[in-house]
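This briefing concerns a ligand site and a charged side-chain pair. Please consult the sequence and the structure shown below while reading.

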Amino acid sequence: MKHVILTGFMGCGKSSLGVKLSYKLRMALVDTDKEIEREQGKSISGIFEHEGEEHFRQLETAYIEGLKERKSPYVISVGGGTPMRQENREILKELGIVVYLRVKSQTVYERLKEDTTRPLLQGDNPQEKIEHLMKIREPFYEEGADLILNADELETEEVLKRIVNYYKKRQRQKQRG
Ligand code: S3P
């Protein structure tokens, strides 16, 4: 157990919270979507469009698998779809403590209604798409998580505090054996 992994639906705040958490814990940040975009030299939308979602999912799994090699601890923010594969849930658990940032579908809609970078939410009726996907995904997020926080009902500082406290508690437990 060494890294802290942030999971949750698109728009739940993984990336922005990841930045703040990395400052607090003094750990470097890895945003898997951004790393995949950098390695592939194209946007997530571009990968979905040209190579397809399945190819993106393979890149995602390969990327998190590669994180097992890292020696120092990181805050890792993963894409909203990452915990859907059982294989990925197992990798994430192996990497460290997994935090699920739960938010309401309405929150996601308000945050992402103008967004053009999430291929899964483009087209007609994004609100329906969000509700539908969220319902399917919720059990997988829960199953893959060590800590679940209702991120849109708590102040950001409180979310950060709870993650830091949980992480420290788990570190102490580990040291005691
Ligand atoms: C996805 C979420 C996105 C990105 C891709 C697919 C998903 O990441 O990985 O568009 O399946 O939920 P964010 O959760 O950071 O938006």
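A salt bridge is counted when a side-chain nitrogen of Lys or Arg lies within 4 Å of a carboxyl oxygen of Asp or Glu. The model discussed here is predicted. By that criterion, the structure contains 20 salt bridges.

- In general, side chains of opposite charge can pair when their charged atoms come close.

**Ligand surroundings**

- The ligand sits in the largest pocket.
- The ligand is surrounded by 13 residues, of which Lys14, Asp33, Arg57, Arg118 and Arg137 are the closest.
- The shell around the ligand comprises five charged, five nonpolar and three polar residues.

- The side chain of Lys14 places an N or O atom 2.6 Å from an oxygen atom of the ligand.
- For Asp33, the distance from a side-chain N or O atom to a ligand oxygen atom is 2.7 Å.
- A polar side-chain atom of Arg57 is likewise 2.7 Å from an oxygen atom of the ligand.
- Of the 390 Å² of accessible area that the ligand has on its own, the protein covers 95%.

Conventions. Residues are numbered from 1 along each chain as its sequence is written. This is a predicted model: local features need pLDDT of at least 70, side-chain atom pairs count only at pLDDT 80 or more; totals for chains, interfaces and linings use all residues. Side-chain values use heavy atoms; hydrogens and water are left out. A residue is near a molecule or strand if one of its heavy atoms lies within 4 Å of it. A polar contact is a pair of N or O atoms within 3.5 Å; within protein, one must be able to donate a hydrogen and the other to accept it, and residues adjacent in sequence count only if both atoms are side-chain atoms. Accessible areas come from the Shrake-Rupley method with a 1.4 Å probe; for residues, only the protein chains shown count as cover. On a 1 Å grid over the protein atoms alone, a cavity is a set of points where a 1.4 Å probe fits but cannot get out, and a pocket is an open set with protein on both sides within 12 Å along at least five of seven lines; lining residues have an atom within 4 Å of a point. A molecule sits in a cavity or pocket if more than half of its atoms lie within 2 Å of its grid points. Ala, Val, Leu, Ile, Met, Phe, Trp, Tyr, Cys and Pro count as nonpolar, Asp, Glu, Lys and Arg as charged, and the others, Gly among them, as polar.
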